[in-house]
Amino acid sequence: MLITPLQLEHEPLIFSESIPPRTLDYAPDVIQTGVMPVTGRADLLIENRGHREQVADIRLRAAYKGDFELLCARCVEPVPTPLSGNFDLIFRPQAADAEAGERAITLDETEIGYYEESGLSLEDVVREQVLLSLPTRTLCKEDCKGLCPRCGQNLNLQACSCDTTSDPRWNALAGLASTIESR
């Protein structure tokens, strides 16, 4: 869905969209598994910049909710993860601040996004908000054993037959723990 200032000139745009599964591209380890409803409102904010200069900002307030699969950080198995969120963002035409050179901005302006001349893509905004709401690390379970570093076997499913002797390069550190605790 493309939102343009022309659509918002006379009244706000109230929307209710459903983004089908796997429609939006996320990171390779993030898959949208169900329909994601997005509901909200877009308003036009006219910013006066001196004599006869106006900028058409778009304020976008919306909520989303969807089911995703994220990969476990240890065993790389898919983990069902429900995500939901709300956002209230302001977007300005990209050309409004495109003048060359340096320019001071206010603290409020650091929170402003930009949209292309053709308009603001709701899908792009939702994709960004979903990516920002992802957990930093996902585990299938707290005591996930992960993968064997030698053969790649998922240790949650079965033990592997790899030699479990320690790497001789670690032998120099073997007694370090007991010396630290005895001091």
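Author: In this predicted model, the structure contains two aromatic pairs. Tyr26 and Phe68 are both buried.

The other pair joins Tyr64 and Phe87. Here the centres lie 6.4 Å apart and the planes stand at 35°, so the pair is tilted. Tyr64 is in strand β5 and Phe87 in strand β6 (residues 78-93), so parts that are 23 residues apart in sequence are tied together by this pair. Tyr64 and Phe87 are likewise buried.

The protein has two helices and eight strands, and along the sequence they follow the pattern β-β-β-β-β-β-β-β-α-α. Of the contacts with a separation of 6 or more, 57% are between residues 24 or more positions apart. Buried residues account for 32% of the 183 residues. The accessible surface comes to about 12,400 Å², and carbon and sulfur atoms contribute 52% of that surface.

A further residue shows how a loop meets other parts of the chain. Thr138 is located in the loop between α1 (122-133) and α2 (176-182), and with 12% relative accessibility Thr138 counts as buried. Apart from its neighbours within four places in sequence, Thr138 is in contact with Leu70, Leu71, Cys72, Ala73, Val79 and Thr81.

The cysteines complete the picture. A disulfide is a covalent bond between the sulfur atoms of two cysteines. A search of the whole structure finds zero disulfides. For Cys75, the closest cysteine sulfur is that of Cys72, at 3.7 Å, which is too far for a bond, because a disulfide requires the sulfur atoms to be within 2.5 Å. Cys151 is also in no disulfide, and the nearest cysteine sulfur, in Cys162, is 3.6 Å away.

Notes: Residues numbered from 1 in each chain as written. Predicted model: local features only at pLDDT ≥ 70, side-chain atom pairs only at ≥ 80, totals over all residues. Heavy atoms only, no water. Helix = DSSP H or I, 4+ residues; strand = E, 2+ residues; numbered from the N terminus. Buried < 20%, exposed > 50% of the residue type's maximum accessible area, 1.4 Å probe, protein only. Contact = heavy atoms within 4.5 Å. Areas by Shrake-Rupley, 256 points an atom, 1.4 Å probe, with all protein chains shown as cover. Phe/Tyr/Trp six-rings, centres within 6.5 Å; stacked < 30°, edge-to-face > 60°.
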